[in-house]
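Colleague: I have a model open and want to learn how to read it. Can you take me through some features?

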Amino acid sequence: MIRLEHVSKVYKTSTRPALDDVSVEMEKGEFVFLIGPSGSGKSTFLRLLLREEVPTRGRVYVSNFDVAKMSRRRVPRLRQSIGCVFQDFRLLPTKTVAENVAFALEVIGKPRNTIVKVVPEVLQLVGLDGKEDRFPTELSGGEQQRVAIARAFVNRPLVLIADEPTGNLDPDTSQDIMLLLERINRTGTTVIMATHDHGIVDSMRRRVVELSYGKVVRDDARGVYGVGR
Amino acid sequence: MRTSFVFSEVVTGLRRNVTMTIAMILTTAISLGLLGGGLLVVRMVDKMQANYAGKLEVSVLLTNDVSANDKDCTQQPCAGLRSQLEQTSGVETVVFQNRDEGFERFKRIFEAQPELLKLARPEAIPATFRVKLEDPDRTDVIRQAFEGKPGVKAVDDQGKFLERFFEGLNGLRDVALILALIQAFAALLLISNTIQVSAFTRRVEVGIMRLVGATRWYTQLPFLIEAVVAGIIGSVTAVAGLVLFKAFFLDRITRNLTESGIIPPIGYLDILIVSPWLFLVAIVISATTGYVTLRLYVRL
């Protein structure tokens, strides 16, 4: 599903590589935690998958896409097969919950009748039925993140990338969000989550890939956050 | 492509930057209005040249003495001058017009200006030979041969006068076009700026669009259409401005000249003929500017 082969990324403004000869493979349907301190290369890793960045060396494969080599014109196709969730939710404040989710489909040209059908479905999946017409500011942080997850998932992506999705949430709410991500993972969607949250990683017992100074220093099939520290 | 979505984005964009949008529209409108004015002058000059072609005459004005005493051009020096003119090579026709006939003609030309007619006296109008040439450009021959002869007051070359008049009109056209160009440059910068501001205020939306895999067309088209819509509104405003300018200003100040047939009137048809060019220029300029701006200055 996802494969990085000897990937290095050096930013022009930095002497140290953000990623240094990283090779890692993730199967379809896996749930993977990407951990490591700030500056360890987690964000670069995720940005390479989305082709927000191009690797300096090495190859990146997502599904059938040769991400590093593909033409600019095909990038939208890649991104349509990847859903994204962020720490800061990134909702549009002028649109309602339903409109925020529908937006993701509108801008990729989905027909109206598809949109009115799938948006309520996904809102029910994330537990927001009944709040379709609320605005993001009227929702709690956890609810806002649910909207963001609904938006990321509404197009049924192959991969869901979550960059510290619980970073702004309290532990209980974080737990709810993790349950939701697990449910999405059970539909066969590969989930890659970058996080600093010890509790979550330790309780979920999923695969853990740890980055440090741009290198993979640990890859445990059922890992915890702070092993050996 | 969901057109309804793109257009709702366009409307939102234009509304959100309403002051910039208005500035953009007004600058475009003024630029196009000046361009339209310049084009109208070009049309007017063309029409005049067509009107006067073949009709140009050289007038040989006779002295006061001859004008007063020789109504039928039977005495000397008038009769002599006439036969000399008729014998000059290149001359097609020679028509003698005595003082009374000249005054009648004067009254006809200026019938729209009664104030002027009240002031005019027949004594001010000289008797005149109106000489038509086979080649209207060869007026110098008459001038050289007859200027200063006894009985001749002056040789008046309509061609020379018209040339000066055209020069004036062409100067007007050039000024209009230069101003149009300067305004167009300002409009260009404003369009570019508005798109950048617009893209900045919508960076979150655009970021999300990129992330969920919207194509370049989807992310950029709203900005492009925004610029083109503003351009079109600008050109409509410019055409409306030209119509109003004609109706309330131009018609009033040129009425006498047009009614007496000295200059051809500018009609609504002329504005109608010029306006598609203004639309075209507006669309091409705003679309090109928009595209270049998106390419060079906005990372979408």
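Colleague: Is A:Phe31 buried or exposed?

Modeller: First, the ground rules. This is a predicted model, where local features need pLDDT of at least 70, side-chain atom pairs count only at pLDDT 80 or more, and totals for chains, interfaces and linings use all residues. Residues are numbered from 1 along each chain as its sequence is written, chains are lettered from A and ligands numbered from 1 in the order in which they are written, and side-chain values use heavy atoms, with hydrogens and water left out. Buried means under 20% relative accessible area, exposed over 50%, partly exposed in between (1.4 Å probe, protein chains only). A:Phe31 has 3% relative accessibility, so it counts as buried.

Colleague: Which aromatic pair does A:Phe31 form?

Modeller: A pair of aromatic rings is described by the distance of the centres and the angle of the planes. Rings of Phe, Tyr and Trp (its six-membered ring) pair if their centres lie within 6.5 Å; planes under 30 degrees apart are stacked, over 60 edge-to-face, the rest tilted. Over all chains there are three aromatic pairs. One of them joins A:Phe31 to A:Phe33, tilted, at 5.3 Å centre to centre and 55° between the planes. A:Phe33 is buried too, at 0% relative accessible area.

Colleague: How is the area between chain B and chain A given?

Modeller: The size of an interface is often given as the accessible area lost when the parts come together. Here the loss is summed over both parts, with a 1.4 Å probe. Between chain B and chain A it is about 1600 Å², and carbon and sulfur atoms give 60% of that. In contacts (heavy atoms within 4.5 Å), 16 residues of chain B meet 22 residues of chain A.

Colleague: Which side chains meet in a salt bridge?

Modeller: A salt bridge needs a side-chain nitrogen of Lys or Arg within 4 Å of a carboxyl oxygen of Asp or Glu. The count between chain B and chain A is one. A:Glu52 and B:Arg210 form it, at 3.0 Å from N to O.

Colleague: Which helices of chain B supply the side that touches chain A?

Modeller: Helices are DSSP runs of H or I, at least four residues, and strands runs of E, at least two, numbered from the N terminus. H1 (3–16), H9 (203–211) and H10 (216–259) of chain B each supply at least two residues of that side. H9(B) gives the largest share, six residues.

Definitions and conventions: Buried area is the accessible area (1.4 Å probe) that two parts lose on being put together, summed over both.
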